[in-house]
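Take your time with each one before reading the solution.

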Amino acid sequence: MTQQPLIQVKNLDLYFGAFHALKNVSVDFNAGELIGLVGDNGAGKTTLIRVLCGIHAPSKGEVFFDGKKVEKFHPKLAIDQGIETIQQSVGLCDNLSIARNFYLGREPVKRIFGIPFLDFAKMREKSSRVIRQFGLRENVSADDEVERLSGGERQSVKIGRAVEFKNRVVIMDEPTNHLSVREREHVNELAVQLKEQGLLVIYITHDIFQVHKLADRIVIMENGEKVADASTDSMSAEALEDVIRQGGRVVEKEAV
Amino acid sequence: MQYLVRSQGFGATVGVIAMLAVFTVIDFSGWWTVQTLSNVTQFTAILALVALGQALVIMTKEIDLSVGSIYGLTGVAFITLEPSLGVPGSLVVALLIAAAAGFIQGTAVVKGELPSMIVTLGGLFAARGIIYVWTGGSVHNFSPDARTHALTRVLGGELFGISAAIYWVGIISVLLAIMLWGTRFGNRLLATGGSRESAESRGVRTDRVKTAAFVLCSLLAGFAGILTLCNQPQTHVTLGENMELEAISAAVIGGCLLTGGRGSILGVILGALVVVSFRYELIALGAPSSWYITFVGAVLIVAVIFNQKLARFLGHSV
């Protein structure tokens, strides 16, 4: 692949106080790729994507987006660049309606006497369409508060939101946790669809076997380090699982 | 009907109806008289303005204990600066002082990541101390000229026998309701209170939202102080003492949940009406005025229990 990577992470270090959370991590992410980011709890997967979506700024090292060096890290900037993150427990405000959540941070407005008021008709219309498309219960409306929704429905709203706004990167942090089997399949299909539309999809999970079926490439994190980075054609899920099981040390030499 | 029950102001509505029914049946002092109603509504309007600002802060899941002192400080500034700046000038400067107080406290809360209860407790003492130093403990009055100034009359006079503060609270509450439910800022304010982390992840600058809420809260408290002094242009060092407790009570009785993200503008006004009516009725009863605080406390606790039960019944996670 000769194209320049959409996101390029170079020698990234991140400290939380004395804790060395990310150690010299370098990864390339290409557009149109579905990448499985795998590792045990505390391996640094979520920390890495939190840098990409602007929540943490790196202590050392560089991040390039679309060939340009990222100077400032803030969630708003990441969203403006078209990086959408679907996080496990964060992203929806329980006290607001689905429509209000859907557009939170980029609410459409209609000017009346020059004053920008929320455009409720537009907010309702688009979020209602997504609700139907993603198979939420029949009696759920765009005006209902998010706290009425089940875990799967919440996930659907978040993914629907990511699809609806024309994004370039969709990061999914354990998107199938707490989901029923059917909901899980649905989410996985969506991830593949997004990739086929030319987006970069970063899919974070514990389950190497599940993501191996979907992904083009698997990146394994362990203890804040990248320990493997291999295409799914070149390494089987079993071999990759061995990497995780052995903490990356032994197989690292073979994989490189 | 369903909308009424679901709105956060439901508890306060029930409370006001019950209270008015009781005061009608057990009528000690002539409740339904022009004199009583005009006094109660005047005080309600002033407290409601302070409580509305408080409500905005509570909706972002913070609290502002300094409103009583800011109310007093702004009023003192307005009266004492008038001889050198004139009425319009001192109005603007006094409001700027209020806004600055809100900005400083809000910034300390969000940038210092400090609990607002502590920061604004500091604000309460600091602003009260400035009042003592500024006035030297003495009483200040408006000059006769300033009392008859058009602006003083607009802020503190009467129209059709109804005092100006009531018109002001009407206008401001409508504007606040539109801002809260109909604009981007309102949506983000409610989101910040509902889940700061989620709002932040959607690109909402929650620190700016919170700071803005503190500024608005101080501005409203300061404006209420100015309205009071335009009505009775005389400062004393205890101006606005204990008002933070009344304002928080009014906001909570009015259905603002301290867990953030939920509240009602109408509810807060009704909450202020409950607090003020109790004060008035107890005084009319001839009860020692110190009992009043005890009663407010009791009503507050009942209101919190009621509103929380209601919220749980409606399935809110509180």
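Two strands count as paired if DSSP finds at least two bridges between them. Keep in mind that this is a predicted model.

**Exercise 1. Work out the strand order of the open sheet in chain A and find its edges.**

Solution. Start with the order: four strands of chain A line up as S2-S1-S4-S5, with antiparallel pairing. Next, look at the ends of that row: strand S2 (19-29) and strand S5 (68-69) of chain A each have a single partner strand, so one side of each is left without a neighbour in the sheet. Finally, zoom in on S1 (residues 7-16) and S4 (residues 60-65) of chain A, an antiparallel pair joined over five bridges. Here you can find A:Asp13 opposite A:Lys60 of S4(A).

**Exercise 2. Decide whether B:Gly186 is buried or exposed.**

Solution. First locate B:Gly186 in helix H9 (residues 184-194) of chain B. Then count: 22 C-beta neighbours lie inside 10 Å of B:Gly186, and the cut-off for buried is 20 or more. B:Gly186 is therefore buried. Beyond its neighbours within four places in sequence, B:Gly186 has contacts with B:Met179, B:Leu180 and B:Trp181.

**Exercise 3. Find where the buried residues of helix H8 of chain A lie around the helix axis.**

Solution. Begin by listing the buried residues of H8 (residues 237-245) of chain A: A:Leu240, A:Val243 and A:Ile244. Now look down the axis of H8(A): these buried residues fall within an arc of 95 degrees, so they line one face of the helix. To finish, turn to the other side of H8(A), where A:Glu238 and A:Arg245 are exposed.

Technical notes: Residues numbered from 1 in each chain as written. Chains lettered and ligands numbered in written order. Predicted model: local features only at pLDDT ≥ 70, side-chain atom pairs only at ≥ 80, totals over all residues. Helix = DSSP H or I, 4+ residues; strand = E, 2+ residues; numbered from the N terminus. Buried ≥ 20, exposed ≤ 12 C-beta atoms within 10 Å, placed from the backbone. Contact = placed C-beta atoms within 7 Å. Arc of directions from axis to C-beta.
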